[in-house]
Amino acid sequence: MIQLQNIAVTLGGNPILEGLTWTVGGGKRIGLIGPNGAGKTTLLRVIGRQLEPDGGEIAHSGSVGYLAQDVQESSTNRSVIEETLTAFEVLGALQEREDELTRALENPDANQEKILLKLGRIHERLAVQEAHSAQARAEAVLEGLGFTTDDMPRPMETLSGGYRMRVALARILLQNPDVLLLDEPTNHLDILSIDWLETYLKNYPGTVILVSHDRYFLNRMIDTVAHLYRGRVTEYAGNYDFFLVERDKRRILEQAAYENQQREIHQAERFIARFRYKASKARQVQSRIRHLEKLERLPPPESPDAQIRIRFPSPRPSGRTVLSLTEFSKIYTRADAPAVRVFNRAGPLQISRGQKIALIGKNGAGKSTLARILFGSEPIRGERKEGHNVSTRFFAQHQADALSESDTVLESLNRESIGRNEVYLRTLLGAFLFTGDDVFKPVRALSGGEKSRLALARTLVNPANFLILDEPTNHLDIQSIKVLIEALRQYDGTFVVVSHDRHFLDHVANVIWHVGHQGVRTYEGTYSEYQWALDHGSLQRARQVRPAPRTSVHKARSRSGGPKTKEEKRREAEARNRAYREAKRNSQLEPDELTPHQRKWLCDEAEAAIAKAEAQKLAAEKILADPDTYSDPVRSQKAAQTYAAIKAELEELYTNWEALMESTE
């Protein structure tokens with residue numbers, strides 16, 4: 001149980017929290033939600049005793065573990081496993097206390113009942129800590145968070161900030177505090193580690209309060225939303241999607257109640273002003289005055305969260321091929337450490353105009369390295385070639401941290417702009433929620449989310465038709481990510497994005513590049529399609545996630561090497577139509593008797609039918625999952641029959657398709 005009463009915090013002369021009161025019950029999974037700058041991190045630091053409030057009281061009934069959003073540079077010479085095992089330092093203190101209480105029991109004048117009660121509590125804590133299995137549990141948690149056996153003896157000082165954060169998270173999880181405070185825990189985790197953390201936290205016995213911009217993570221993890229807005233916390237019983245619906249309903253009711261009260265107050269004030277000095281109305285006037293004095297005024301209703309309004313500048317179109325890489329290798333060498341091979345004869349790779357590519361893979365697999373290779377800032381053994389008329393902008397993963405602290409917001413943007421006047425710069429900053437005097441705020445006074453918005457603005461200040469974005473959603477709130485998604489969907493150019501945010505990836509990418517095992521595997525389709533194929537073991541069979549053929553680089557060119565003429569396009573279309581008609585006529589033949597063109601068209605047709613049947617199956621499943629379906633026996637029976645028929649049809653389609661694919665291979 002946590003109780004906050006009238007908490008007030010002022011930072012840099014700006015009030016962050018004013019009179020905040022909140023009670024947190026035990027065993028809850030709470031998502032702390034709010035716009036950038038609302039004070040989410042500040043509130044967690046107050047609860048975690050990392051920040052002393054300027055006013056108010058806070059009471060805990062148990063231990064608290066706090067994971068900060070950013071972990072400082074490590075000054076310890078301990079290894080990864082040694083640093084993690086410091087989580088069990090409390091065991092020594094507990095065992096010493098156990099010995100003291102045991103000796104105290106030998107004193108006949110001691111309060112035996114009180115001592116036994118304390119001993120019982122200590123034994124419970126020791127049992128919870130499971131001292132005998134400390135090393136094994138520490139290694140299991142570290143492995144779940146992405147560390148390998150070879151990483152365990154590595155010195156902490158050699159780790160990146162993201163991996164130091166993982167060690168800090170492992171240490172806190174192993175301490176099993178009664179209340180776990182997590183500030184953006186997924187920021188430095190890859191997708192596999194996020195899945196592991198979700199599973200771990202679902203079985204966590206204590207209370208969890210987390211701040212996260214990962215919508216999938218929130219929906220799967222939390223059962224309560226605590227919305228922090230204007231220094232007040234409002235709770236909603238449900239996950240994030242439930243919160244969005246309920247918040248809109250509550251806003252409508254609050255708006256109506258506020259407007260009704262305002263009309264009542266206005267009418268009473270008009271009556272008082274009109275008849276204040278009229279003797280025959282004196283009693284009624286006094287009655288209304290007393291009513292207004294006793295009236296509990298409703299606060300103005302919560303307004304919708306402010307959102308960034310990103311619109312990428314319209315770039316000039318590039319050539320059909322944006323970028324190509326020959327087969328390439330990349331090795332990092334250090335004088336005091338063995339060489340690290342990131343890529344070994346990977347590729348070749350090609351990026352075509354209009355592709356929206358997501359780079360995914362485990363942390364350390366080389367996603368950021370590949371992003372820099374694509375940008376041209378990372379030397380490789382191989383050849384990188386940009387296409388015609390390509391202009392590139394690169395948003396680096398830690399670009400927000402590289403901003404000059406002494407610059408104002410406007411000065412920082414101006415340093416990156418080319419030929420832009422102040423009106424344009426301030427308009428762009430306004431789109432990123434830097435309005436009025438905010439543009440003169442020093443960078444050092446900005447929150448993590450504000451720095452990320454400024455770094456994005458610097459990336460977009462000059463038009464480009466090819467964007468490379470390395471973790472652009474870090475530190476952005478959920479509403480800002482939503483707008484970034486819409487901006488990328490409307491973007492006319494080509495982009496490559498590195499992200500671990502599954503909701504974000506699923507809405508912006510149409511090609512997936514999986515980085516791992518010193519290579520890159522290319523899959524055509526959305527992230528959900530890729531994940532479905534991965535779960536069903538059909539990555540090599542499904543067309544939407546089939547490795548792109550390397551010959552595709554040449555198929556996009558005419559014989560002359562330039563753009564195709566209308567006549568060439570017409571002849572190709574006629575050839576495709578002839579192949580399709582011929583395949584249809586020969587569809588009764590066995591797959592082995594078909595020509596390659598016929599098999600290709602039949603495969604395409606079968607895959608289109610499968611996609612349609614999958615959509616119908618999903619719709620049927622939603623109907624079956626609706627409780628209202630079973631209020632009508634006829635309707636429920638019909639729904640079950642429809643589902644069974646679609647399922648049978650889908651199985652037959654898959655059987656035919658697999659036969660075609662096997663004959664093609």
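Is Arg384 buried, partly exposed or exposed? Select Arg384 and check: at 27% relative accessibility, Arg384 counts as partly exposed (buried is under 20% relative accessible area, exposed is over 50%, and partly exposed is in between, with a 1.4 Å probe and protein chains only).

Before going on, some ground rules. You're looking at a predicted model, where local features need pLDDT of at least 70 and side-chain atom pairs count only at pLDDT 80 or more, while totals for chains, interfaces and linings use all residues. Residues are numbered from 1 along each chain as its sequence is written, and side-chain values use heavy atoms, with hydrogens and water left out.

Stop 1: Glu386 is partly exposed, at 35% relative accessibility.

**Stop 2: Arg393 and Glu416.** Next, pick Arg393 and Glu416, which are joined by a salt bridge at 3.3 Å, N to O. Arg393 sits in strand β16 (residues 392-395) and Glu416 in helix α12 (residues 409-416), so this pair ties together parts 23 residues apart in sequence. Helices (H or I, at least four residues) and strands (E, at least two) are DSSP runs, numbered from the N terminus. Arg393 is buried, with a relative accessible area of 17%, whereas Glu416 is partly exposed at 26%.

**Stop 3: helix α9.** Show residues 240-275, then pick out Arg251 and Asp248: both lie in this helix, three residues apart, or about one turn. Their salt bridge has its closest N and O atoms 3.7 Å apart. Arg251 is buried at 13% relative accessibility, and Asp248 is partly exposed at 40%.

**Stop 4: a network.** Now select Asp195, Glu198, Asp214, Arg220 and Arg502 together; salt bridges link them in a network. Across the whole structure, a search finds 21 salt bridges.

**Stop 5: Lys356.** Finish in strand β14 (residues 356-360), where you'll find Lys356. What is the nearest side chain of opposite charge to Lys356? That's Asp492, 6.9 Å away, and Lys356 is buried yet has no salt bridge (Lys and Arg count as positive, Asp and Glu as negative, and His and the chain ends are not counted). Show the residues that Lys356 touches, among them Tyr491, Asp492, Phe495 and Val508, leaving out residues up to four places away in sequence; contact here means heavy atoms within 4.5 Å.

Methods. Salt bridge = Lys/Arg side-chain N within 4 Å of Asp/Glu carboxyl O.
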